[in-house]
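Subject: Structure for you to look at

Dear colleague,

My notes on what was found in it follow below.

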Amino acid sequence: MPHSAPIVSDLAARDMAERFNRPDFNRWAARARATGGCAQPVHIRGRVEYRDPLTDALLHSYSTAGEPGGALRVACKSRRASRCPSCAETYRADTYQLVRAGLVGGKGVPASVSAHPAAFVTLTAPSFGPVHSRRTGTGGAVTSCHPRRNGGTCPHGRPVSCTLRHSTDDPRLGQPLCPDCFDYPGAVLWNAHAPELWRRFTLAFRRYIARSAGLRATEMREVLTVSFAKVAEYQRRGLVHFHAVIRLDGPAGPDAPPPGWATLDLLKAAVDHAAGAVTVNTPAAGGVPAKTHTWGVQIDVRPITATGELTDTAVAGYIAKYATKAAECVGTLDRRIRATDDLADLPVSGHARRLIAECLRLAEVDDFASMRLAEWAHMLGFRGHFSTKSRHYSTTLGRLRADRIEHNRREHAEITTGRLPFDDDAVLAISHWRYLGQGMTPGEALLTAAITGKPLARVDPSGS
């Protein structure tokens, strides 16, 4: 079994033995392999009939009645590594291929795209109060967190100085030096408006490029296209920041080079201008003063090259890694807050608890109702997509999934239906499916990990 062997309870051991000794175990194990070791498989019941579209003759049929428990298990396809390591790895690999194709070609993108100006851009959140952080000096040595020679205390009587040299796994990292000084309403509202800040950033970026070239926006589309792929990452303090690949193309996208004046220097200048130019305002409401939301002062723009400090492989790997994560590093939940949840009993950090509480409080304020803060409280107010791309950047995740399905169909016999004696695109498929549940028992999770060699994931007892 991969990694260190887990401690198996008596209940899990009996459950595992019972599943192993069933006459349909081999069929169950085959489905576990077919789903790639999915930790939260979806259970469906139903049937599918393949009929000749001209004569209505039945060509082939399949029913889940012959499956273990009368249900078919299919992969959950979650992107969250905390939910399903197996499906998240597939999502990570697809994202890697998508990002890398936009830098070096492949997947329908010409290799000449590697000569287009491209940069790795990081946009961060502003400060909402000092937090514990791991700092390093110029030589790479870890330095004191918040040294203040004559710091004294904050208005709440807590020290404003921290001379500790935090380790990478110190649970205090990201926690405020003084929770009562931290601007929790501002942090939540910033997270909620981060997607709008990004949208305005992209508009300001394009306008700056057009002005620099002496073009109107409509004229620029005829000579240059701005392409990007972006991922959102949570910092330990509970604020999102964005990593993006921004590339300058010709008018048709990656198939044509950009004009000669579209350089890396222009790209960097456009990022610096757009990041400082855009704002989003929120009104005074719910005891929160009116706020103007901006990007933080830490803006990073680094060129992407084939052999330099930041390569296409490194960028694709970095973005793909964060595409499978959410706010878990902050110490919050990876599921929605339920109406039956007691906030005081949730297994979250104190900092995350206050951010969640602020989301729930502001959700009751009419001026903030459209932000759906209660629905996204587990995400600390952020409700945007974690990974997005512009239309011309490269291929799509849907296309990559379709190609993988077609490859598997050619290379492997379908476990559920067997090899069909006809092209199923030329027949009429009539399906009837019903959702039954999701997840595995502890014993099934142990067996799946042993069969597939995939990491043992957390089992959701409400799943199956």
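In helix α4, the residues Tyr184, Pro185, Ala187, Val188 and Leu189 meet His351, Arg354, Leu355, Glu358, Cys359, Arg361 and Leu362, which belong to helix α8. Please keep in mind while you read that this is a predicted model. Sorted by class, the residues in the contact of α4 with α8 are 8 nonpolar, 1 polar and 3 charged. The axes of α4 and α8, the latter formed by residues 350–362, are 9 Å apart, and the two helices pack at an angle of about 75°. Angles from 65 to 115 degrees count as roughly perpendicular, and α4 and α8 are therefore described as roughly perpendicular to each other.

Helix α4, which covers residues 184–212, also packs against helix α6, residues 264–277, and here the axes come within 8 Å and cross at roughly 130°. That angle makes α4 oblique to α6, and α4 passes α6 in a right-handed crossing. On the α4 side the contact is made by Phe201, Ala204, Phe205, Tyr208, Ile209, Arg211 and Ser212, while α6 contributes Leu266, Leu267, Ala269, Ala270, Val271, His273, Ala274 and Ala275. By class, this contact of α4 with α6 has 12 nonpolar, 2 polar and 1 charged residues.

How do helix α1 and helix α10 cross? Their axes come within 7 Å and cross at roughly 65°, with α1 running over residues 10–20 and α10 over residues 442–452. These two helices are therefore roughly perpendicular to each other, and α1 passes α10 in a right-handed crossing. The residues that meet are Ala12, Asp15, Met16, Arg19 and Phe20 from α1, and Pro442, Gly443, Glu444, Leu446 and Leu447 from α10. Divided by class, the contact of α1 with α10 has 6 nonpolar, 1 polar and 3 charged residues.

Finally, there is a pocket to look for. The second largest pocket has a volume of about 780 Å³, and 22 residues line this pocket, with Val131, Ser133, Gln235, Arg237 and Gln298 lying nearest its centre. Which classes make up the lining of the second largest pocket? Its residues divide into 6 nonpolar, 12 polar and 4 charged.

Notes. Residues numbered from 1 in each chain as written. Predicted model: local features only at pLDDT ≥ 70, side-chain atom pairs only at ≥ 80, totals over all residues. Heavy atoms only, no water. Axes fitted to C-alpha atoms, helices over the stretch in contact; angles between N-to-C directions. Helix = DSSP H or I, 4+ residues; strand = E, 2+ residues; numbered from the N terminus. Parallel < 35°, antiparallel > 145°, perpendicular 65-115°, else oblique. Left-handed = near helix turned anticlockwise from the far one by under 90°. Contact = heavy atoms within 4.5 Å. Nonpolar A, V, L, I, M, F, W, Y, C, P; charged D, E, K, R; others polar. 1 Å grid on protein atoms, 1.4 Å probe; cavity = no way out; pocket = protein on both sides within 12 Å on 5 of 7 lines; lining within 4 Å. Points joined across faces, edges and corners; volume = space filled by probe spheres on them.
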